[in-house]
Amino acid sequence: MKNILTLIVVALGAILPATAAEQLPLIQNVNAYESTSLNGKWNYIVDVQEEGYYDYRMNPTRWGFFQNAKPQKPEDLIEYDFDKAPTMQIPGDWNTQDDRLFFYEGTVWFKKSFSLPPAPSIRGGDKYLLYFGAVNYDCHVYVNTRHVGHHIGGFTAFNYDISDLLKDGENTVIVKVDNKRHAEDVPTQIFDWWNYGGITRDVKLVKVTPVYLEDYNLQLKKADAKAKQREITFSAKLNKKEAGHKVTVFIPELKLEQQLTTDAEGTVSGTLKVSAKKLSLWCPQNPKLYQVKISLDTSVISDEIGFRTVETRDKQILLNGQPIFLKGISIHNEKPNGGGRANSAEDARTLLSWAKELGCNFVRLAHYPHHEEMVREAEKMGILVWSEIPLYWTIAWKNPKTYENAQNQLTDMIARDHNRANIIIWSIANETPHSAERDDFLGRLATYARTLDDTRLISMAMEVTGASNYVNRLNDNMNKYVDVVSFNQYIGWYRDVNDAPKMRWEVPYNKPVIVSEFGGGAKYGYHGEKNQRWTEEFQENLYRENCAMLDKIEGLAGTTPWILKDFRSPRRVLNGIQDYYNRKGLFSDKGEKKKAFYVLKEWYEGK
Ligand code: GCU
């Protein structure tokens, strides 16, 4: 009898309530809207065996932690209590906030309560979107115990319409976050960075009108240098397929204004004409941003947008029609001092100011989309950006779910940042092993990327495999899908530095070349002979030899050495030297400059 009862309870428990909301396309320029920040202290419960999600038969249970249950009667058995659980700061990773979780990969539950002002008038008709800047890696979101959605991918934003789930007074958001690695994931099981887990970027409740601007796009059309007039294309899309809504785009400083009316698809598009003399083009020396106001019926939002064109001509990259050399550096999205995910404008400004000190006009934001402030601060500072999705090393190319995941991350990366003038390159992969499946996967993805944005360049970090007689020949089928051929090389680190002067590089494609990684490790303050690994002198010499070698590459249009700052990696275990840091930074993990910093700075001054 007991077993039948248990079976009924288990069976009943396994019937999960349906998801009560849908993931919506990402709202454009979320910071332009009135919102309630849900950042701050969140309670958390570490749930190694996912006791809060599965029953002892590994069926998802309806009595999970998302119920936020409290004993109602003295004899009630509730074996968790968020309000008695510790708290941590959100946005933030759990690895650097709780020493027990430094290496932890698994599930952690988070709970945040917030009150909405009663007065339905405040909410009369308005919609409320629950917005996450990023959650690593796999999360389930619940509002007031109702399942709102399931999101995978640790570095892109997502939002849900939770208007119907909100109630006056106290509301509760509960998020189950799992950062365990799997072969079919993106990134896959192995990667050379710390798998920081948690709600790593801003969380906010965004108030929008029932019909709102889901997306809009402003781009300067290419024109020849002598054009007297320039054209700025404008398009917008509502969250609803509704005709007859008035959309006005207004650029006060240029006295440009256009009113448009939505069609049956809820979209508008138009072209603004401006004399070329009047328009100040965005570029590193002049990172000019124009305030743009976009109104929809009675509501108005504003944005800061720069206008520039980027294209290639043979082996040159042209910014506003002029050849440019990209003096870059690679950066991980990690706080400037010590470890932990970067997630603020301040973090961004510090990291980018270090890049500026190096003489950079370009950064490779590796290997995944960084937080929005990183891109926007770079835009204000006149720093061009390479933005990337984490298709890194041995991806499960044959798995359709993996492709779908990659395509979603690409879509969300472009959806958030397609109005940023400083982003010039979308990169879709890093050091991926050659195979027909890989070529098919990446070929489709590159083609898809162009349907989302045909105004920017597409690239990926390829590998030059094996050199005979010091001749390195890039041979990658993906060359036909990219605008810029980029490759990583480690002469001096994974290959002998003394070969550098003899090396020849053959890139048999009439396209600009970016050396997207080169470098070597050094422990700050460790000194010795230049052939002594891990010394600053070794790294300094490696940079000197590499810079001289790269100068000989025909069509070199830029470099992004690996890397700005020492960063956390579980693959770097050499005690006393690495201690779970990849030491290839030009800055230590505490922001101290190593000798090689000055070699690169000097090289860039000559560019
Ligand atoms: C690779 C890889 C990086 C890694 C670097 C290294 O090229 O793209 O993610 O950190 O090499 O070995 O340090």
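How many cavities of 30 Å³ or more are there by this rule? The count comes to five. The model is predicted: local features need pLDDT of at least 70, side-chain atom pairs count only at pLDDT 80 or more, and totals for chains, interfaces and linings use all residues. Residues are numbered from 1 along each chain as its sequence is written, and side-chain values use heavy atoms, with hydrogens and water left out.

The rule works on a 1 Å grid over the protein atoms alone. A cavity is a set of points where a 1.4 Å probe fits but cannot get out. A pocket is an open set with protein on both sides within 12 Å along at least five of seven lines. Lining residues have an atom within 4 Å of a point. Grid points are joined across faces, edges and corners, and a volume is the space filled by probe spheres set on the points.

| Space | Volume | Among the lining, nearest the centre |
|---|---|---|
| Largest cavity | about 130 Å³ | Tyr131, Gly133, Asp202, Glu372, Glu373 |
| Second largest cavity | about 90 Å³ | Asn136, Tyr137, Pro187, Phe191, Asn195 |

Thirteen residues line the largest cavity: three nonpolar, four polar and six charged. Classes are nonpolar (Ala, Val, Leu, Ile, Met, Phe, Trp, Tyr, Cys and Pro), charged (Asp, Glu, Lys and Arg) and polar (the others, Gly among them).

The largest pocket has a volume of about 1100 Å³. Of its 50 lining residues, Asn408, Thr411, Asp412, Ala415 and Leu452 are closest to the centre. The lining divides into 16 nonpolar, 18 polar and 16 charged residues. Helix 5 gives the most, with 10 residues. Helix 6 and strand 13 (229–238) are among the elements that each supply at least two. Helices (H or I, at least four residues) and strands (E, at least two) are DSSP runs, numbered from the N terminus.

How do helix 5 and helix 6 pack? The axes of helix 5 (residues 400–417) and helix 6 (residues 436–452) come within 11 Å and cross at roughly 30°. Helix 5 is therefore roughly parallel to helix 6 (angles under 35 degrees). Axes are lines fitted to C-alpha atoms over the stretch in contact, with angles from 0 to 180 degrees between N-to-C directions. The contact (heavy atoms within 4.5 Å) includes Leu410 and Thr411 of helix 5 and Leu445 and Leu452 of helix 6. By class, this contact has nine nonpolar, three polar and one charged residues.

Methods:
Parallel < 35°, antiparallel > 145°, perpendicular 65-115°, else oblique.
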